[in-house]
Amino acid sequence: MLAWRKVPRADGYEIARSTEKNGEYQIIKKISNRKTLRYTDRKAVAGKRYYYKVRAFKKSSYGIRFGKYSKAMANAVAKKTDWEITQYGDPLGLQMMFYTLQDYYGHLVVVDGGWPGNAEKVKEIIYEKGGHVSAWFLTHPHEDHIGAFCELYGNLGNIRVDKVYAVNMASPQLCMANAPWDSVAAYQRFRAMKIPQLRYVCRGDILKVGKLKIEILSAYEKKIDKISSDLLNDGSMVFKVYGKEESMLFCADAGKSVSDYLKNKYREKLKSDYLQMGHHGNGGLKKGFYKLVDPDVAFFDAPGWLMENRDGKYTTPQNRKWMEQMGSKIVSFGTAPNTVTLK
């Protein structure tokens, strides 16, 4: 069943359907009752995936005027090629970043993990998902991203980790010279660890986990030195994951300094169905970058105080407003864990 929000002053709605998200859509239903905000497609074939778009219309003496179509909505058919992507929040109300991606066959990808204090929860979730991590991505060496990994790695128990992917960041000395206000304690701890499964990624790398394709769009390199005064954040691993039909873009803590660089280099490639907002949705990337991504769902790795700007010094509400104006659904730690299906 489809459901949509009421459009003010609309006289009715038109529904179009396709078997491909970006394919050709055919109109299947015209609803002339402005109060009807639901529709069940009784002609759909059981077990087959369909995509739907809805647009409002208004009658006038000049004819019928149509609004813009909504973003595509899929029915709830699960396929063996789908990946379940979950965002987790911090129980103490801190900002951090932790995601899992898992497919029907049990391939498990972990992204970051959060603070050292999140380690036991990360461990518990990995056990719940089978205890075997196919790939663990560490986007950059800040404690709210790699702290749990550093805490866990020497105490994994029966957890098996095949690969660890990280960024070969600038030296701690250069990072501190570049941003004296920052901390490199977690970074230094990570550098001192012996991790046989570790591989450093570079821009342009393409990795595979099961049938999931992962493309590295950015990672620290000399170019970042020239355009950034915040190397630990702007040197983050920015990567895109591709399912069979959909994609999600992870921006880690990349910020405004790399926004134009990424936009100019990957203009056509940035469009994604799902988006992890840069730098928890505070500061982060520019509006023009996000307009190119134009996601159905925008993930803010942020608790309530950051989403609401309770301290009066954060730009999260403005970034949220941008994404809502684009038609993106907003999710944050207030409703975590938040899960989408990457088709």
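The legends below describe close-up views of a predicted model.

**View 1. A seven-stranded open sheet with mixed pairing.** In the predicted model, the strands of this open sheet follow one another in the order β16-β17-β18-β19-β20-β21-β22. The edges are taken by β16 (206–209) and β22 (329–331), and because each of these has a single partner strand, one side of each is left without a neighbour in the sheet. Averaged over the sheet and with direction ignored, neighbouring strands are turned by 20 degrees against each other. Helix α7 (residues 256–266) packs on the sheet, where it touches β17 (212–218) and β18 (238–242), and the direction of α7 makes about 125 degrees with that of β17.

**View 2. Strand β17 and its two antiparallel pairings.** Four bridges hold β16 and β17 together in the antiparallel sense, and within this pairing Leu-207 has Ile-214 of β17 as its bridge partner. The hairpin that β16 and β17 form has two residues between the strands, and Gly-210 in this hairpin takes a positive phi near 60 degrees. β17 is also joined to β18 by five bridges, again running antiparallel, with Ile-216 standing opposite Phe-239 in β18. Six of the seven residues of β17 are buried, so this strand is largely enclosed by the rest of the structure.

**View 3. The parallel pairing of β20 and β21.** Strand β20 (residues 274–276) and strand β21 (residues 297–299) run parallel and are joined by three bridges. Leu-275 stands opposite Ala-298 in β21.

**View 4. Cys-202 and Cys-251, two cysteines without a disulfide partner.** With a disulfide taken as a pair of cysteine sulfur atoms within 2.5 Å, the count of disulfides comes to zero. The cysteine sulfur closest to that of Cys-202 belongs to Cys-175 and is 16 Å away, which is too far for a bond. For Cys-251, which is in no disulfide, the nearest cysteine sulfur is that of Cys-202, at 19 Å.

**View 5. The largest pocket and its lining.** The space in the largest pocket comes to about 1,300 Å³. The lining is made up of 37 residues, of which Ser-70, Lys-71, Met-73, Asp-296 and Gly-327 are the closest to the centre of the pocket. Two or more lining residues are given by each of the elements β5 (51–60), β7 (73–74), β21, α10 (316–325), β22 and β23 (338–342).

Conventions. Residues numbered from 1 in each chain as written. Predicted model: local features only at pLDDT ≥ 70, side-chain atom pairs only at ≥ 80, totals over all residues. Heavy atoms only, no water. Pairing = 2+ DSSP bridges. Axes fitted to C-alpha atoms, helices over the stretch in contact; angles between N-to-C directions. Contact = heavy atoms within 4.5 Å. 1 Å grid on protein atoms, 1.4 Å probe; cavity = no way out; pocket = protein on both sides within 12 Å on 5 of 7 lines; lining within 4 Å. Points joined across faces, edges and corners; volume = space filled by probe spheres on them. Buried < 20%, exposed > 50% of the residue type's maximum accessible area, 1.4 Å probe, protein only.
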